[in-house]
Structure formats: C-alpha cells, structure tokens
Amino acid sequence: MAVVLIVDDDQRLAALLQDFLQAEGMVVRVASNGREMWQQLAAEPADVVVMDWMLPGGQDGISLVRELRAKSGPPILMLSARGEDEERIHGLESGVEDYLAKPFNARELLARLKVLLRRAGRGDPGRLLHFGPFVLDLVERRLSRAGEVVELSPAEMDLLLVFAQRPNRALSRDQLLQALGGDDEGRFDRSIDVRVTRLRKLIEENPRQPQFLLTERGVGYRFTPRDTKAASHAEMGSADDAPKGIAG
C-alpha cells in the first residue's frame, strides 16, 4: 500500500483528497504545516508527498521541499494556485518532481501520483491483498477465504487493515493505537494484545504458531503476508465519478 502525505492547511481540500485517494487504495496522512509534516514523517515514512505552496507557520512549501531534498526525502508533487510558467519552473527547480496548478481534476492528480510511485518503485496502489488462503478487500473492508466471507468485528477489521497497510514492518502498540485513531478501547495498552489474539484465531491455522501475525519481542507485532500480490483497483467509469476542478 502506497503511503501519501498531504501537506495543506486547507482542511476541506485535504479531506476531499484524503477520501478520494483512500477510495483508490492508498494510505493517506494529512499535515497542515511544516511542524505536523515532520511529525507525520517521523511516525511513518511516506512514499510520496503532496505539498501546497502556501502554508502557515513561517515556512512555505518551497522551503519545506528544500529541507526534504536535503534529507533525500520522498518524491513531491507541488500544488499551487500560481499557474504561471515562471512559478512552475521555480517549483520544479526547488526539487519537486511534479507541479499541478489549482483548480485541478482529482483524477489527474491520481494519475500523476501513480507515475511518481512507479518511478520510485512502488507500482500502482492495490485494492486486494492476498495472503495464504485469504483475500482482503481494502476498500470494501471484506475478508474472504475460498470465496466465503470471514466475519470480523469492526475493531478486528480496523486492526487487520492497519497491518495490511504496513506489511512486513514491526509496529509498536503505541503506533497501532495511533493508527487506530486512539479510540476509547485503544486507550488501554492491553487492548491491542486482545485484538491480536482474536484476529489470530480467525486468520491463523495454529494461533499458537502464527504465520502471518507475528510477535516482535520488545517491540510489538509484524504482519507478514506470504505470497503477497496486489490487484490494481479498477478505474471508475468516467472522470465524472471523481471530484473535478478541485480548488484551493
């Protein structure tokens, strides 16, 4: 699963993009300024960054791009209401891989992100995750085995999706709680252990000797889908199905 970080102080625009890109099978994080961007990147690396030119907090998008480039950060797509050639050239020269002027078509943004992800070796985002005899539909939130739906509670599905979006990574309980949104149940540290135990009973042939959901001693847990393969999420019927002319 490709991880996209949107850095934009326009909450409405960021929310629209987050919903649209998540529906396309991407993991989307949002930051409204430079400080939040660095916090998000420290918590979870991004595969691509969507950066607004104009940002609050004393740093604009260009200065943040330069800082990211100094650290060999992920590819960046710049958004800006400044569509003049001179501004585009300035943005590209600062180190961004692509530039999109507002307002824009969300499908064009998606297409450009896919190109950046392919160049970075991430391929197209996937909708279906295959592991062992299971198929997990990341968009429909459905787990099936041999064509039969496996019944999971909302809490179990939430946790499985968090793992599926971060395969082969050791995740601490704090990271899992944060990814789950810090709900009331999640405030109790042992609730993660309880959910993992329940989930193992559903997806492991032998829960005492798990193949997929492994314990990382001193850290937390790691999800290791064997023979993982992703099926590209089919395009919507037409460009009209996606939000168009998004302005910032």
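Where is the place of Arg141? Arg141 sits in the loop between β7 and β8 (142-145). The model described here is predicted.

**Helix packing**

- Two packed helices are described by the angle between their axes and the distance between the axes.
- Helix α1 (residues 11-23) packs against helix α5 (residues 106-119) at an angle of about 60°, and their axes are 11 Å apart.
- Because of this angle, α1 is oblique to α5.
- The two helices, α1 and α5, have a right-handed crossing.
- From α1, the residues that make the contact are Leu17, Phe20 and Leu21, while α5 supplies Ala106, Arg107, Leu109, Leu110 and Leu113.
- By type, the residues of this contact comprise 7 nonpolar, no polar and 1 charged.

**Nonpolar cores**

- In soluble globular proteins, nonpolar side chains tend to be buried together.
- The largest nonpolar core in the model holds 27 residues. Phe131, Leu136, Leu143, Phe163, Leu176 and Phe223 are those with the most contacts inside it.
- Two or more residues of this core come from each of β6 (126-131), β7 (134-137), α6 (154-164), α7 (173-179), α8 (190-203) and β12 (220-223).
- Helix α6 gives the largest share of this core, 7 residues.
- Beyond its neighbours within four places in sequence, Leu143 is in contact with a set of residues that includes Phe131, Leu136, Val149, Met157, Leu160 and Ile203.
- Another core, of 22 residues, lies apart from the largest one, and Ile6, Leu21, Leu79 and Leu116 are among its members.

**Residues with positive phi**

- Arg141 has a phi near 55°, which is a positive value in a residue other than glycine. Its relative accessible area is 39%, so Arg141 is partly exposed.
- Asn168 is not a glycine, yet its phi is positive, at about 60°. This residue, Asn168, lies in the loop between α6 and β10 (170-172).
- Asn168 counts as partly exposed because its relative accessibility is 46%.

**A cis peptide bond**

- The peptide bond that runs from Lys102 to Pro103 is cis, with omega near -5°.
- Pro103 belongs to the loop between β5 (98-101) and α5.

**An exposed glycine**

- Gly58 is located in the loop between β3 (48-52) and α3 (61-70).
- With a relative accessible area of 80%, Gly58 is exposed.
- Gly58 and Gly34 are separated by 24 residues in sequence, and their C-alpha atoms are 8.8 Å apart in space.

Notes: Residues are numbered from 1 along each chain as its sequence is written. This is a predicted model: local features need pLDDT of at least 70, side-chain atom pairs count only at pLDDT 80 or more; totals for chains, interfaces and linings use all residues. Side-chain values use heavy atoms; hydrogens and water are left out. Axes are lines fitted to C-alpha atoms, for helices over the stretch in contact, and angles run from 0 to 180 degrees between N-to-C directions. Helices (H or I, at least four residues) and strands (E, at least two) are DSSP runs, numbered from the N terminus. Angles under 35 degrees count as roughly parallel, over 145 as roughly antiparallel, 65 to 115 as roughly perpendicular and the rest as oblique. A crossing is left-handed if the near helix is turned anticlockwise from the far one by less than a right angle, and right-handed if clockwise. Contact means heavy atoms within 4.5 Å. Ala, Val, Leu, Ile, Met, Phe, Trp, Tyr, Cys and Pro count as nonpolar, Asp, Glu, Lys and Arg as charged, and the others, Gly among them, as polar. A nonpolar core is a set of buried Ala, Val, Leu, Ile, Met, Phe, Trp, Tyr and Cys residues joined through side-chain atoms within 4.5 Å. Buried means under 20% relative accessible area, exposed over 50%, partly exposed in between (1.4 Å probe, protein chains only).
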